[in-house]
Amino acid sequence: MTELLDLDTALERLLSSLEPLPNCQLLPIALAHNHYLSATQRAVSAVPPFAHSAMDGYAVASSDAALLQGDALMVSQRILAGSAPGPALAPGCCARIFTGAPLPGGADAIIAQEESRVVEGGRVRFESPPEAGAFVRPRGGDVQAGQVLAVAGDYLHAARLALLTAAGIDQVQVHSRPRVAIVTTGDELCAPGMPLDSGQIYDCNAPMLAALARDSGADVMMVEHANDDPGALRRVLDAATKADAIICSGGVSVGDADHVRDVLAAAGEVSFWRLALKPGKPFAYGLFGGRPLFGLPGNPVSSMVTFLLLVKPALQRLGGARNIEAPPRFPATLTQPIKKRPGRRDFQRGEYRVTRDGHIEVTADARQDSNILSALSAGNCLIDLPRQQGNLEAGEKVWVLPLAGWGR
Ligand code: AMP
Ligand code: MG
């Protein structure tokens with residue numbers, strides 16, 4: 001029997017074999033979400049672009065003599081957000097000002113409306129003089145003009161889109177999204193909406209893998225099915241080479257109807273096959289027609305788990321990611337014992353919860369067979385159990401990988 005490859009080694013080999021795709025494009029920022037930058041982005045303008053008030057209140061000169069004596073000040077102007085800064089404050093005067101409005105000349109502090117009282121003649125008295133700079137957001141307080149905001153390979157998430165826009169950037173150079181082809185294999189598979197013949201099941205990996213690929217920043221350009229016949233599989237895979245990467249499900253084990261590995265070996269090259277992983281032992285990776293091909297096991301749970309662990313980071317690399325971050329994980333206490341045999345790293349489906357006193361508990365689903373979709377769909381995490389780990393007792397600590405933001 002061939003040695004089963006360690007997951008970390010497999011991921012390392014896979015990522016080191018891939019480069020970001022060369023095609024880049026200039027996109028308006030509104031369309032750039034979910035892409036990776038292909039060029040450094042510097043701030044065009046400072047953020048904020050002018051000193052402004054952080055409060056609704058009064059703009060004053062903190063060194064004004066009348067203010068320091070506790071005298072009421074004249075309100076000489078009113079400045080709303082969006083208006084031009086008013087004339088310089090005269091001694092003994094203040095400006096009514098609102099959040100986001102520019103400070104008038106001479107003003108260096110804001111006194112909140114709640115700390116003020118309007119007295120006779122429309123003058124305003126303040127509880128105490130402010131410190132210079134109080135509630136003033138200075139020009140460039142967040143970002144200086146010309147500052148590097150992001151570099152090639154950085155992911156364009158919502159907050160980064162906001163930052164670039166605030167700094168005057170309206171279009172960005174990005175890596176094009178990888179285009180993937182999804183190929184499901186199996187004579188037993190039936191397309192959704194068709195009546196099931198005897199022995200048939202619905203092809204549920206197709207929509208699942210397409211959703212996972214999109215969540216990983218890829219465009220799905222083709223979803224095809226191939227029967228368990230080497231010639232048919234070869235024809236579908238040939239068509240799939242139009243894509244940047246091929247994601248294949250099923251037919252990658254050692255059964256008589258499993259042809260993916262052989263077709264890959266005959267027409268391409270197998271980089272590795274079979275992992276010390278549960279679920280997901282029969283995983284193959286290689287090149288077909290010059291395209292990376294991921295051969296995922298057919299059982300839906302195995303397909304999803306291997307996708308998250310291996311295909312997602314690969315798509316991120318193709319899409320231009322600079323750092324490929326491991327999925328977030330945290331320690332949790334088992335509420336129930338877990339059965340596990342040493343030999344393969346196991347990612348069990350489970351549900352974690354934060355207790356009232358702030359501890360994290362996790363329960364593995366009782367149904368860990370790799371066809372149990374209900375546990376995969378209802379659970380909120382995977383429990384990562386090391387390769388040589390045996391059975392675990394309730395109360396032991398395990399690593400939990402939340403699915404939110406990763407596989408959801
Ligand atoms: P295979 O990896 O082809 O040996 O398939 C393993 C198990 O997963 C079998 O029970 C298949 O019927 C099932 N399976 C394979 N592909 C799919 C699919 N696309 N949707 C649902 N089940 C599948
Ligand atoms: Mg099959």
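Let me start with a cut-off. A residue is buried under 20% relative accessible area, exposed over 50%, and partly exposed in between. This is a predicted model.

Take Phe135 with that cut-off in mind. Its relative accessibility is 45%, so Phe135 counts as partly exposed. Where is Phe135? It lies in the loop between strand E9 (124–126) and strand E10 (136–137). Its backbone also deserves a look. Phi of Phe135 is near 55 degrees, a positive value in a residue other than glycine.

Arg274 has a positive phi too, near 75 degrees. This residue is found in the loop between strand E18 (268–273) and E19. Buried or exposed? Arg274 has 9% relative accessibility, so it counts as buried. Now its side chain. The charged end of Arg274 sits over the ring of Trp273, 5.1 Å from the ring centre.

On to the aromatic pairs. The count comes to six. One of them is Tyr36 with Tyr155. That pair is tilted, with 5.2 Å centre to centre and 55 degrees between the planes. Why is this pair worth a slide? Tyr36 lies in the loop between strand E1 (24–28) and strand E2 (41–42), and Tyr155 in the loop between strand E11 (148–150) and helix H3 (158–166), so the pair ties together parts that are 119 residues apart in sequence. Tyr36 is at 9% relative accessibility and counts as buried. Tyr155 is at 28%, so Tyr155 counts as partly exposed. Elsewhere, ring pairs link Phe272, Phe283, Tyr285 and Phe294 into a cluster.

Next, helix packing. Look at helix H4 (residues 205–215) and helix H7 (residues 300–318). Their axes come within 10 Å and cross at roughly 25 degrees. Angles under 35 degrees count as roughly parallel, so H4 is roughly parallel to H7. The crossing is right-handed. Which residues make the contact? From H4, they are Asn205, Met208, Leu209, Leu212, Ala213 and Asp215. From H7, they are Pro300, Ser303, Met304, Phe307, Leu308, Lys312 and Leu315.

Here is the general point on spacing. An α-helix has 3.6 residues a turn, so residues three or four places apart point the same way.

Stay with H4. Its buried residues are Asn205, Ala206, Met208, Leu209, Ala210, Leu212 and Ala213. What do they pack against? H7 is one partner, and the strands are E13 (179–185), E16 (219–226), E17 (245–249) and E21 (291–296). After H4 comes Gly217, with a positive phi near 85 degrees.

In H5, the contact residues are Pro230, Leu233, Arg234 and Leu237. They meet Val260, Val263 and Ala267 in H6.

Last topic: cis peptide bonds. One joins Val47 and Pro48, with omega about -10 degrees. Pro48 is found in the loop between E2 and strand E3 (52–53). Another joins Lys278 and Pro279, with omega about -5 degrees. Pro279 lies in the loop between strand E19 (277–278) and strand E20 (284–288).

Note on methods
Residues are numbered from 1 along each chain as its sequence is written. Chains are lettered from A and ligands numbered from 1 in the order in which they are written. This is a predicted model: local features need pLDDT of at least 70, side-chain atom pairs count only at pLDDT 80 or more; totals for chains, interfaces and linings use all residues. Side-chain values use heavy atoms; hydrogens and water are left out. Rings of Phe, Tyr and Trp (its six-membered ring) pair if their centres lie within 6.5 Å; planes under 30 degrees apart count as stacked, over 60 as edge-to-face and the rest as tilted. Helices (H or I, at least four residues) and strands (E, at least two) are DSSP runs, numbered from the N terminus. Buried means under 20% relative accessible area, exposed over 50%, partly exposed in between (1.4 Å probe, protein chains only). A charge sits over a ring if NZ of Lys or CZ of Arg is within 6 Å of the ring centre and within 35 degrees of the ring normal. Axes are lines fitted to C-alpha atoms, for helices over the stretch in contact, and angles run from 0 to 180 degrees between N-to-C directions. Angles under 35 degrees count as roughly parallel, over 145 as roughly antiparallel, 65 to 115 as roughly perpendicular and the rest as oblique. A crossing is left-handed if the near helix is turned anticlockwise from the far one by less than a right angle, and right-handed if clockwise. Contact means heavy atoms within 4.5 Å.
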